[in-house]
Amino acid sequence: MTTAEPLRIGILGAARISALSLVGPARAGGHRLVAVAARTRGRADAFAAEHGVERVLGSYAEVIDDPEVEVVYNPLANSLHGPWNLAALAAGKHVLSEKPSASNTEEATEVRDAAAKAGTVFMEGFHYLFHPVTRRLHELLGSGELGELRHVETMVAMPAPPGSDPRWSLPLAGGALMDLGCYSLHAQRTLAPWAGGPPHLVTARGGARQGAPDVDEWLDAELAFPNGATGSARCHMAYGDVRMSLRVVGSRGEATAVNFVQPHLDDRVRVRTAAGERTEELGKRSSYTYQLEAYAAHLRHGAPLPLDAEDALTTMSLIDECYRTAGFPPRPRTTAPASG
């Protein structure tokens, strides 16, 4: 889908994930990649040359201040989400931030308040929500085919990244729950319309990374919904293989998305009811492309958008509650933007 007026996007950093999460979707939608900056000029130059970014600037602040940039995309390390989201909102820019929106609840509250003050559009990048795989699970609950929601299981796990990876760093707001478990918790929160309201935390437990006692290698959370349904939200960042499943169990049947986080790799939804079993394939078009289309449609045409800074704050509050209950501290915040 091409909008009448392309978005003018500025990119903070030269992260590898940006090629999948932003560059490809922007090209598909006919949007402009106006500017990029990175920790070093060489990284930014290489990124711009590879991905067709119009110009390279000397710092993240210059990207934010560029008058042609209307949307700031923030894929930096977790600890830099909050500071640079706040800086972009203060400059009056729209923001598309990789999750989570901030390092902790206090910072996420500031982001929420800054977005309200700016009057611009802030969205946390829970791209999975826009893909037909997740939409189909919601449709199955809404249609009544599965009956009343009884139980939800989310499992987001991956083999361990290298020890030097920023996802293992407490100062960089790392940990399994921040990187993976946020999907598990958010996916359960989106089921509130079919469960009498949002879930609350019952209990949580986790295990620390060896040599990093405050960084979670895995964390399991048990949730409860107002209608009596239960939820199990698991994440593991040193697992034997990749698991990114979402299973909803109702009074009349159940459905499982085999990989709700990366449906471009596996788009299957398995449905089982008294009428039998079937597997639906919902398409491997990137969830990031659906996400950017929805974001652009909101900015250009006022189309509804299910994610905002308030939703991001609610998720962050639940993350911090899980951390405290499991015996971990909430992630520390970075108090000032680092140069980039």
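Is S21 buried or exposed? S21 is buried, because its relative accessibility is 2%. Buried here means under 20% relative accessible area, exposed over 50%, and partly exposed in between, with a 1.4 Å probe and protein chains only.

1. Basis. This is a predicted model, in which local features need pLDDT of at least 70 and side-chain atom pairs count only at pLDDT 80 or more, while totals for chains, interfaces and linings use all residues. Numbering starts from 1 along each chain as its sequence is written, and side-chain values use heavy atoms, with hydrogens and water left out.

2. S21 and its surroundings. S21 sits in helix 1, residues 17–29. Helices (H or I, at least four residues) and strands (E, at least two) are DSSP runs, numbered from the N terminus. The S21 side chain makes a polar contact of 2.5 Å with the side chain of Y73. A polar contact is a pair of N or O atoms within 3.5 Å; within protein, one must be able to donate a hydrogen and the other to accept it, and residues adjacent in sequence count only if both atoms are side-chain atoms. Beyond four places in sequence, S21 is in contact (heavy atoms within 4.5 Å) with Y73, E98 and Y288.

3. Helix 1 against helix 8. Helix 8 spans residues 287–301; its axis comes within 8 Å of that of helix 1, and the two cross at roughly 55 degrees. Helix 1 is therefore oblique to helix 8. Angles under 35 degrees count as roughly parallel, over 145 as roughly antiparallel, 65 to 115 as roughly perpendicular, and the rest as oblique. The crossing is right-handed. From helix 1, I17, L20, S21, L22, P25, A26 and A28 meet Y288, T289 and L292 of helix 8. By class, this contact has 8 nonpolar, 2 polar and no charged residues.

4. A102. This residue lies in the loop between strand 5 (94–97) and helix 5 (105–118). A102 counts as buried because its relative accessibility is 0%. Neighbours within four places aside, A102 is in contact with H81, G82, E107, A108, M178 and M316. L86 is 16 residues from A102 in sequence, and their C-alpha atoms are 9.5 Å apart.

5. V258. The loop between strand 12 (253–257) and strand 13 (268–273) holds V258. Not counting residues up to four places away, V258 touches M244, S245, D266, R268 and R270. G231 is 27 residues from V258 along the chain, with 17 Å between the C-alpha atoms.

Notes
Axes fitted to C-alpha atoms, helices over the stretch in contact; angles between N-to-C directions. Left-handed = near helix turned anticlockwise from the far one by under 90°. Nonpolar A, V, L, I, M, F, W, Y, C, P; charged D, E, K, R; others polar.
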